[in-house]
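Please look over the sequence and the structure shown below, with attention to side-chain surroundings and to the aromatic rings. The questions that follow take these topics in turn.

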Amino acid sequence: MSGFSDPRFRRKGSESKQGRPLRIDGKSAGVRGEERVDMNKSIVLGLVLAMMVPAVALADGVSVGGDLRLRWDYRAPDGGDSSNGTDAELYLNLGSAISDNLSWSASLRHDMTFGEGFAPGTGQALWIQEAYVSIGDLGSAASFLGGWSMDLGRKNDPNQGTGRVMNSSDFALDAAPNNSDGYHMASEMGGVGVDLYYFDNSGGASPAGTGNSELGASFDLGAMGGFADIAIHYWGQSNDDGDPSNLSVNIDNIGGDNLAGLDLDVEYATRDNDDGGDDGTSTHIAITYGLGDMGMTLHASSSVTDTDWAGMRAEPHGTNGIADIRAGANIDNTTVGLDFSPMDGVDATINFITLSDDDSGDGIGTEVDLILSWACTDTTSMEIGYASFSADDDNDVDADEDFFYIGTGWSL
């Protein structure tokens, strides 16, 4: 099970337009309320795969697994009413090799918010998380495609860099997953890893290829002679509002082993809003230094998103502190912290975060985060997170706030 506070995970309450929940009565629930949504090609594919399960369940090589996540969280804003809730999430994963070159995978996800009924706009939903076919080598179909593999159907969105442009975050157990319908092709050309993506995100509103689509291309250049690990990602979107795009460059482990134990990572991303205005930028610089004792690692980072910045997906949960006070554009974030292991099997993180507006320089506030993760057994885990946010005097938007959660996970 992935950690509940992993920075890839999205703020609770954010929504993904790509996913669609299934209800027993055939209506759509969740992201768009009462809206009825026609089943698109990937949902049909998912149902076909689901119907295949009884036929192949007794065959050799069929894998069956899953995960169960349970989380209780509590939020107490100063001067406001406190709130708490319990969410559960159950995954059922199936897969099998059809031949040496062809396989299929399917994953169903059931969300439940305790105390809510199975109805539109609530945390009760059954999703097709993933349903796709994988072709190991396209060269068997056309020789010029030799060395290329392809996944076709519905898949989780890829995690790239800090996740500010693209991520598959799923911290919100009562919201749609970050997944998309389309295909993903991958190959390695001259030591460069190449990934190509095409997503149809129309949700059945228009035929594939005619609108609301995304095209992605990633190039992993590798270690570049020991200087740094470099990756380049491009995402272009076509929708009713125009053709916005993002370009991001990740330069990790700068200097290799030559910086006396320091690890330096840089991410720089641009946003073309396709509106004739200014382009947005996002810059993230992170430094870590291992101390050795108790697995201690010091870390510090600086992140800046200007007023015109936007990514392809909502920012992951915890990007600006696990209380999720602010997200998106116009934020300066300075974080210093310590990672350590107080006992065997337990990992701890302490962060001190300072937030301010990028355009005015006015302070937003400070936040202290404490996260404890415990691998109880090979199949069970627990995580506890606490955040205390203090608003600056010139911040008349946000209030002081405490946030707490405890989560457990089981691999089935």
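Q: Leaving aside neighbours within four places in sequence, which residues is His299 in contact with?
A: In this predicted model, His299 is found in strand 14, which covers residues 297-305. With the neighbours within four places in sequence set aside, the residues in contact with His299 are Ile287, Thr288, Thr335, Val336, Gly337, Leu338, Asp339, Thr349, Ile350 and Asn351.

Q: Is His299 buried or exposed?
A: The relative accessible area of His299 is 15%, and the cut-off that matters here is that buried means under 20%. Because 15% falls under that cut-off, His299 counts as buried.

Q: With the side chain of which residue does the side chain of His299 make a polar contact?
A: Asn351 is one of the residues in contact with His299, and the two side chains also make a polar contact at 2.6 Å. The partner in that polar contact is therefore the side chain of a residue already listed among the contacts, namely Asn351.

Q: Which residues do ring pairs link into a cluster with Trp72?
A: A search of the whole structure finds 8 aromatic pairs. Trp72 and Tyr74 form a stacked pair, with 6.3 Å centre to centre and 20 degrees between the planes. Trp72 is partly exposed at 31% relative accessible area, and Tyr74 is likewise partly exposed at 30%. The residues that ring pairs link with Trp72 into a cluster are Tyr74 and Phe404.

Q: Over the face of which residue does Arg71 lie?
A: Lys155 lies over the face of Tyr132, at 4.9 Å from the ring centre. For Arg71 the distance from the ring centre is 3.8 Å, and the ring belongs to Phe171.

Technical notes
Residues are numbered from 1 along each chain as its sequence is written. This is a predicted model: local features need pLDDT of at least 70, side-chain atom pairs count only at pLDDT 80 or more; totals for chains, interfaces and linings use all residues. Side-chain values use heavy atoms; hydrogens and water are left out. Helices (H or I, at least four residues) and strands (E, at least two) are DSSP runs, numbered from the N terminus. Buried means under 20% relative accessible area, exposed over 50%, partly exposed in between (1.4 Å probe, protein chains only). A polar contact is a pair of N or O atoms within 3.5 Å; within protein, one must be able to donate a hydrogen and the other to accept it, and residues adjacent in sequence count only if both atoms are side-chain atoms. Contact means heavy atoms within 4.5 Å. Rings of Phe, Tyr and Trp (its six-membered ring) pair if their centres lie within 6.5 Å; planes under 30 degrees apart count as stacked, over 60 as edge-to-face and the rest as tilted. A charge sits over a ring if NZ of Lys or CZ of Arg is within 6 Å of the ring centre and within 35 degrees of the ring normal.
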